[in-house]
Amino acid sequence: MESKYARIFKVRNELLEKTRNFFKERGFTEVETPILVPYASPDDNIESVEVLLKVRGKRLRGFLHTSPEFFMKRLIALGMPKIFQICKVFRNDEVSRRHNIEFTMVEWYSTEGNYKDGIEETLSLLRFLLGESVVYNGKEINLSGCFVITVREAFLEFAKVDPFDKHALTQKSKVNDYEESFFRILIEKVEPELEKFKVPVVLKDFPEEFSAMAEVRNGIAERFEVYVGGLEVANGYTELRDPKEYLRRFLKKGEASVDEGFLKVIRENPLPKCYGVALGFDRVLMLATSSTDIKNVVPFTVSELFSPFP
């Protein structure tokens with residue numbers, strides 16, 4: 001009888017091979033970048049795993065990367081126009097049925113388009129990996145279609161509030177902090193409605209405060225997220241290119257998040273127009289196996305390894 005581990009790795013191997021084939025057929029080059037980096041994540045909503053290094057008797061502070069983003073964008077700036085990577089990433093304090101501190105990411109960047117092209121490419125990849133439909137959370141999802149909605153439209157429709165109106169949003173959530181209000185309403189009001197759709201949902205055009213490292217035009221970030229059956233599987237955007245704006249966003253999180261090496265590269269080699277997408281590979285496996293718990297597709301989760309877990 002086939003063990004559960006054999007089943008997991010059989011599906012993982014099949015989808016890894018298909019992922020590589022998808023990108024190679026589209027002219028992408030697979031790359032590898034450092035997992036151990038000298039800076040923390042600049043994203044306000046992501047906490048890095050800190051590590052202590054010892055080099056020739058001296059102790060150095062390092063971090064396990066939360067994404068290969070900035071090293072991959074170095075490669076884009078240095079003349080590699082279409083690249084992808086499949087790697088382990090680490091995000092502290094993220095443990096749930098959908099989260100594991102260590103997980104597998106598929107990330108890619110292209111100079112051929114913007115976030116709209118990233119949306120189409122992400123949907124094409126999902127169909128290539130999973131076929132025309134999947135069953136998730138007891139519901140069949142038709143991957144041949146999709147529903148695209150802006151953040152403003154989604155909040156107005158499902159929460160009856162404009163997410164760009166800070167006062168109205170904080171009044172609605174009864175929380176004074178705009179960021180906390182935004183994510184509370186997104187999680188409590190909007191995402192449950194996205195779960196009801198029988199096609200993938202693309203949520204796009206975020207307020208600039210939640211732009212990550214996306215290009216912002218007229219206060220709207222060219223950023224998107226893809227949900228399948230309510231499960232968020234991908235996040236992408238038209239990439240920010242201005243070194244001064246990168247520095248400002250790094251410093252917003254703190255000195256530990258400033259990637260000086262990246263800034264030096266893009267000052268000397270301007271980042272071309274491009275888009276990037278990050279896709280949670282383990283979540284695609286959850287869709288492929290109709291699993292609602294990540295532990296069913298990750299052989300040894302952090303909660304199992306560090307048992308008893310808080």
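Is Arg152 buried, exposed or partly exposed, and what is its relative accessible area? I looked this up to open the notebook, and Arg152 came out as partly exposed because its relative accessible area is 33%. My scale calls a residue buried under 20% relative accessible area, exposed over 50%, and partly exposed in between (1.4 Å probe, protein chains only).

**Ground rules**

I am working on a predicted model, where local features need pLDDT of at least 70 and side-chain atom pairs count only at pLDDT 80 or more, while totals for chains, interfaces and linings use all residues. Residues are numbered from 1 along each chain as its sequence is written, and side-chain values use heavy atoms, with hydrogens and water left out.

**Entry 1: the partner of Arg152**

I found Arg152 in a salt bridge with Asp162, with 3.2 Å between the closest N and O atoms. I take a salt bridge to be a side-chain nitrogen of Lys or Arg within 4 Å of a carboxyl oxygen of Asp or Glu. The pair links distant parts of the chain: Arg152 is in helix α4 (residues 151–159) and Asp162 is in the loop between α4 and α5 (166–173), ten residues apart. Helices here are DSSP runs (H or I, at least four residues), as are strands (E, at least two), numbered from the N terminus. Asp162 counts as partly exposed because its relative accessibility is 22%.

**Entry 2: other salt bridges**

I noted 20 salt bridges in the structure. In one of them, the side chains of Glu239 and Lys73 meet at 2.7 Å, N to O. This pair also links distant parts of the chain, 166 residues apart: Glu239 is in the loop between β13 (231–238) and α7 (243–253), and Lys73 is in helix α2 (residues 69–77). Both Glu239 and Lys73 are buried. Glu69 joins Lys73 and Glu239 in a network of salt bridges.

I then turned to α7, where Glu245 and Arg249 sit four residues apart, about one turn of the helix. Residues three or four places apart point the same way, because an α-helix has 3.6 residues a turn. The side chains of Glu245 and Arg249 meet in a salt bridge of 2.9 Å, N to O. Arg249 is buried, as its relative accessible area is 9%.

**Entry 3: helix α1**

I read off 22 residues for α1 and a reach of 32 Å from the first C-alpha to the last, close to the 32 Å expected at 1.5 Å a residue. That expected span is 1.5 Å times one less than the number of residues.

Which residues of α1 are buried? I listed Ile8, Arg12, Leu15, Leu16, Thr19, Phe22 and Phe23. They are on the same side of α1, because they cover an arc of only 125 degrees around the axis. The arc is that of the directions from the helix axis to the C-beta atoms. Glu17 and Glu25 are exposed on the other side of α1. After α1 comes Gly27, with a positive phi near 85 degrees.

**Entry 4: what covers α1**

I found that the cover over the buried residues of α1 includes β5 (82–90), β6 (102–110), α3 (115–130) and α9 (281–288). For this I count contact as heavy atoms within 4.5 Å. α9 is itself mostly covered, with seven of its eight residues buried. Among them are Phe281, Val284 and Leu287. Just after α9, Ser290 has a positive phi of about 55 degrees.
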